[in-house]
Amino acid sequence: MALTSFGFVPASCMQASTPRFPDPETRPELRMLELFAGVGGFRLALRESGWTTVWANQWEPGTKAQHAFDCYTRNFGYSQVHVNEDIAEVLRSAAGDPGSVPDHDLVVGGFPCQDYSVAKTLNQAHGIEGKKGVLWWEIHRLLDLKRPRLVFLENVDRLLKSPAAQRGRDFAVMLACLSALDYAVEWRVVNAADYGFPQKRRRVFIVARKNTELGDLPVSAPMEWLCERGVLARALPVKVLPEMTAQVVPLPSFVLDADPAVVSQSFGRDQRKTPFGNSGVMYRSRVWTRDVEAAKVSERITLGDILQDEGPDTEPFLIPGHQLGAWRTLKGAKDIERCHKASGTAYTYSEGALPFPDPLDRPARTILTGEGGSSPSRFKHVVERCGRYRRLTPIELERLNGFPDGWTEGMTSGRRAFCMGNALVVGLVSKVGRVLAEDQVSWVRGRASNDKAGASEHQSMDEAVVVR
């Protein structure tokens with residue numbers, strides 16, 4: 001295990017932070033645009049493999065203080081390419097001036113996931129309702145405007161099964177929109193702890209690229225693409241069983257309607273279960289999907305590995321003895337009688353027990369945005385050290401996500417915890433960014449080689465004409 005620019009990273013994961021094309025003289029420019037940038041996790045993760053952020057946007061509505069934007073600029077330096085404005089207003093202006101948003105090869109973003117609802121009609125495709133679910137349509141608007149070659153998005157895994165009344169509809173709408181823009185898509189639900197990182201953080205990774213680059217491979221061998229050839233398969237290996245590559249068991253598939261509005265109205269209606277497995281491929285509206293398991297890694301980091309030494313930095317996070325009872329009660333199992341507000345029906349709300357304190361010999365539970373503050377909580381982490389109980393420090397939360405110590409300095413500990421609850425696991429994302437960089441370099445070099453071959457052919461033809 002080593003302390004790198006990503007924080008604490010197991011040896012088995014360090015290859016992800018080693019760029020294959022470190023020499024700028026031999027590597028074409030890799031241009032990245034970052035939406036919903038937060039405190040800069042995508043930029044931190046992908047710059048190690050040569051991606052240059054040419055434009056970024058971060059805006060927190062409803063608050064005057066822009067903590068995440070300030071953190072981003074403190075760590076990367078102030079730049080006019082990092083815009084602290086409402087993305088909807090920015091793209092509305094860019095519609096009349098596309099050049100105001102720089103051209104780029106890759107767009108990335110961990111977009112907010114709340115409040116998804118139904119698209120209206122195809123010509124009003126920017127109409128998903130909800131305060132934050134609407135931000136998908138800003139991604140869609142950008143892709144429609146700039147048509148980058150690659151897309152890499154991150155979201156909570158709940159996306160694959162929301163909403164309850166139409167299981168999987170929200171994700172199906174996104175796939176239909178990407179298909180209409182001529183993108184092929186692969187996705188995977190990834191738990192960072194499965195790849196050696198110290199937090200059980202489950203997120204769905206979504207990678208899209210232009211259909212024209214893939215030929216018929218996703219159709220002829222979708223399992224091969226899912227488990228071996230795709231970006232996510234190469235970055236984050238899965239267990240490959242013999243029946244997968246041999247195609248003994250057909251990979252389940254279905255076809256989405258070409259109209260996102262139809263998808264939003266009908267997909268998953270009255271279904272109790274989403275049709276989307278934890279991984280899949282979409283190519284020209286056809287979807288192949290199944291559940292896969294992560295391949296084993298040789299080394300894992302635990303919660304105990306990332307803890308700071310006890311001392312002045314940890315003292316403010318100690319839990320007073322008189323509060324321990326409240327913490328134990330909140331984390332314990334319970335059955336609570338409640339009444340449904342709308343129907344008046346009585347029901348029992350049940351919760352299972354959570355460990356108290358959190359075990360130090362395993363990866364930590366997922367950091368939530370409410371991790372900060374001293375009040376007793378069911379979901380905050382509590383560790384026991386030297387016979388005393390305490391909450392996690394901001395530095396420990398940064399380490400759980402793979403950020404360098406002190407990345408979020410300059411704000412309150414509660415706000416630092418909130419930012420880490422919204423952040424991503426940097427080392428995990430860097431693995432995907434490295435494969436995307438390799439693909440982009442190969443694609444640029446291949447195109448240059450084809451152009452050179454075409455030029456030589458034209459020259460030979462011209463010379464032949466002269467000889468005649």
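Which residues do ring pairs link into a cluster? They are Phe171, Trp187, Phe254, Phe267 and Phe276.

## Basis

This is a predicted model, in which local features need pLDDT of at least 70 and side-chain atom pairs pLDDT 80 or more, while totals for chains, interfaces and linings use all residues. Residues are numbered from 1 along each chain as its sequence is written, and side-chain values use heavy atoms, leaving out hydrogens and water.

## Aromatic pairs

The whole structure holds 14 aromatic pairs. Rings of Phe, Tyr and Trp (its six-membered ring) pair if their centres lie within 6.5 Å; planes under 30 degrees apart are stacked, over 60 edge-to-face, and the rest tilted.

Tyr72 and Phe76 make a tilted pair, 4.8 Å centre to centre with 55° between the planes. About one helical turn separates them because they are 4 residues apart in helix α2 (residues 67-76); helices are DSSP runs of H or I, at least four residues, and strands of E, at least two, numbered from the N terminus. Both Tyr72 and Phe76 are buried (under 20% relative accessible area, with exposed over 50% and partly exposed in between; 1.4 Å probe, protein chains only).

Phe171 and Phe276 form an edge-to-face pair, 5.0 Å centre to centre and 80° between the planes. This pair links distant parts of the chain, 105 residues apart: Phe171 lies in helix α5 (residues 169-180), and Phe276 in the loop between α10 (260-266) and β11 (279-283). Both Phe171 and Phe276 are buried.

## Charge over a ring

The charged end of Arg338 sits over the ring of Tyr349, 4.1 Å from its centre. The criterion is NZ of Lys or CZ of Arg within 6 Å of the ring centre and within 35 degrees of the ring normal.
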